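Dear colleague,

I am handing over the structure we spoke about, and below it you will find an account of what was found in it. Please look through the sequence and the structure before you read on.

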Amino acid sequence: MSGQPIIILKEGTERSRGSDARNSNIMAARIVSEAVKTSLGPKGMDKMLVDSFGDVTITNDGATMLKEMDVQHPAAKMMVEVSKTQDDEVGDGTTSVVVLTGELLGKAADLMDKKIHPTVIIDGYRQAQEEALKILDEVSIKVKPKDKKVLKKIAMTSMASKLVSRYSDHLSDIAVDSILQVAEETSGGFEVDLDMIKIEKKPGGSLTDTALIRGLVIDKEVIHSDMPKVVKNAKIGLIDAALEIEKTEFDSKISIETPEQMQAYLDQEENMLRDMVKKVKAAGVNVLFCQKGIDDMVQHFLAREGILAARRLKKSDMEALAKATGAKVVNSVDELSSADIGYAETVEEKKIGDNKLTFIEGCKNPKAVSVLIRGGTERIVDEAERSLHDALSVIKDVVEDPKIVAGGGAPEIEVARKLKDYAEKLVGRERLAVSAFADAIEVIPTTLAENAGMDPIDAMSEMQSRHAQGEKWVGLNGLEGKVSDMEEINVYEPTSVKAQMVKSATEAATMLLKIDDVIASSKSKAPAGGPGGMEGGMPGGMPGGMPPMM
Ligand SMILES: Nc1ncnc2c1ncn2[C@@H]1O[C@H](COP(=O)(O)OP(=O)(O)OP(=O)(O)O)[C@@H](O)[C@H]1O
Ligand SMILES: [Mg+2]
């Protein structure tokens, strides 16, 4: 046996252990956090990201930036996940959470340099997190879930830091109205399903043309010029099969020998198509939406019957239509019956810029709403959509959990201050970790000050001393670059965004601190460009030689 090497890991596996592993993880996570730091707050910068296909995204949204960055290091990937969790849970604060995680790790590294064991830090951080959540809850302002004024302020704050902030007044009104429209009362309060709000975007016009539609907008036009462009009192049919003569799946031959036979064949085909339209008509439909194609002849017959039709709708649009109008999607004309028909007051094709869209308004289900986003360029429209998502999310957060705090770093300063008092009372080494946590959370106001071009030390000391005197909502007025009471400038955020930020950041930081062994199996040798190569082309040498994608 002796002299025989025991091979456990595959050749080429990279392994780092103990403090090496921890340090490299912390370093990677902090690099990511530094990268997004400059985009925090109303004076934060935007990032331009170019993907491997050369598509450009300009954004200020933390989750979007990280998603597009395509990072490689496992710890950096965890940061991407943290911001995604934040996005999924509360929809805003995705930059803050990454910045806070980075700072928690930085402070932990300082403690480890002082020979404090990671497990002690982890315990301390967890303790601090619980206390921080309690403090946040205590300082929160309870509001009415449907208070329009409050909801608007929340929406305005979430958009203050975005490219579209100049239009935040208009966009906030739209966001508040659409959420209030879809909010559903439950036994314990209200619930909001964001999927009920359909977002449609069309570059062109200006952001001020963005509008709320009480119904649905479908990016499809009426297929035949003879069809009506408006139908009042619409009886809507939804079909997810093609209104065409089906082609046989296998090769078949029909032998036609005489002109009469040919005519009979054509007549037969025409009759089949005519029959389809008859069935549609018999069901009482005057507006037809089809997920697949509609034969030219069928279009013609439908037009003659005065039926408005659109084809090749997305599945998601069909589902939304079913929900909104009460129609049932059927998978053949034969199945269509009057019981499957949906209702809307009007269905109308409207010209928006160069495009024609179909508007379905006054639906059976009044909770169906859409927002049609307009804006100068495609990139502006895209960023407007992301910003609107943040605004809708924060309004939803408050409607569902009606507690708010001021923004501008005020709650973080308050939490830090009270956590430091709490740490004073602790014994043992955890107290060091709890104070480190308190210091770390101050990174939010400090960064806001830096990004607003202020001296962070001066700003922090002014804010801290005013907080000590009981002015708990003193924070950073990012737009004017001074310290002021956030209630005066109406900067408010949902408590749930802050609470989620604390939870996710603590979880991610402690998880990374707990790792003392990183075993990375060797990457299979990727040709040309290597792993994660930026080239858009196909890797060569694929078995069977894949054809290039068109
Ligand atoms: N007028 C303002 N003055 C000072 N701070 C503000 C103002 N408006 C918003 N803020 C603060 O900016 C921070 C939010 O910045 P930002 O929206 O860029 O990042 P995020 O919410 O963490 O992430 P993201 O919006 O990308 O998901 C919050 O702390 C908020 O209180
Ligand atoms: Mg935000």
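The model is a predicted one, and I begin with ligand 1, one of whose oxygen atoms is 3.2 Å from an N or O atom in the side chain of Asp390. The side chain of Asp61 also has an N or O atom at 3.4 Å from an oxygen atom of ligand 1, while for Ser96 the distance from a polar side-chain atom to an oxygen atom of the ligand is 2.5 Å. On its own, ligand 1 has 630 Å² of accessible area, and the protein covers 98% of this.

The ligand sits in the largest pocket, where helix 4 (94–113), helix 6 (148–160) and strand 18 (474–477) are the elements that each give two or more residues to its shell. Helix 4 provides the largest share, with 3 residues. In total, 26 residues surround ligand 1, and Thr94, Ser96, Ser161, Leu476 and Glu493 are the closest; sorted by class, the shell holds 14 polar, 6 nonpolar and 6 charged residues.

Turning to the strands, you will find an open sheet of 3 strands in the order 4-17-20, with antiparallel pairing. Strand 4 (141–142) and strand 20 (492–494) each have a single partner strand and stand at the edges, so one side of each is left without a neighbour in the sheet. Strand 4 pairs with strand 17 (residues 403–406) in the antiparallel sense over 2 bridges, and Ile141 stands opposite Ile404 in strand 17.

With kind regards

Conventions. Residues are numbered from 1 along each chain as its sequence is written. Chains are lettered from A and ligands numbered from 1 in the order in which they are written. This is a predicted model: local features need pLDDT of at least 70, side-chain atom pairs count only at pLDDT 80 or more; totals for chains, interfaces and linings use all residues. Side-chain values use heavy atoms; hydrogens and water are left out. A residue is near a molecule or strand if one of its heavy atoms lies within 4 Å of it. A polar contact is a pair of N or O atoms within 3.5 Å; within protein, one must be able to donate a hydrogen and the other to accept it, and residues adjacent in sequence count only if both atoms are side-chain atoms. Accessible areas come from the Shrake-Rupley method with a 1.4 Å probe; for residues, only the protein chains shown count as cover. On a 1 Å grid over the protein atoms alone, a cavity is a set of points where a 1.4 Å probe fits but cannot get out, and a pocket is an open set with protein on both sides within 12 Å along at least five of seven lines; lining residues have an atom within 4 Å of a point. A molecule sits in a cavity or pocket if more than half of its atoms lie within 2 Å of its grid points. Helices (H or I, at least four residues) and strands (E, at least two) are DSSP runs, numbered from the N terminus. Ala, Val, Leu, Ile, Met, Phe, Trp, Tyr, Cys and Pro count as nonpolar, Asp, Glu, Lys and Arg as charged, and the others, Gly among them, as polar. Two strands pair if DSSP finds at least two bridges between them.
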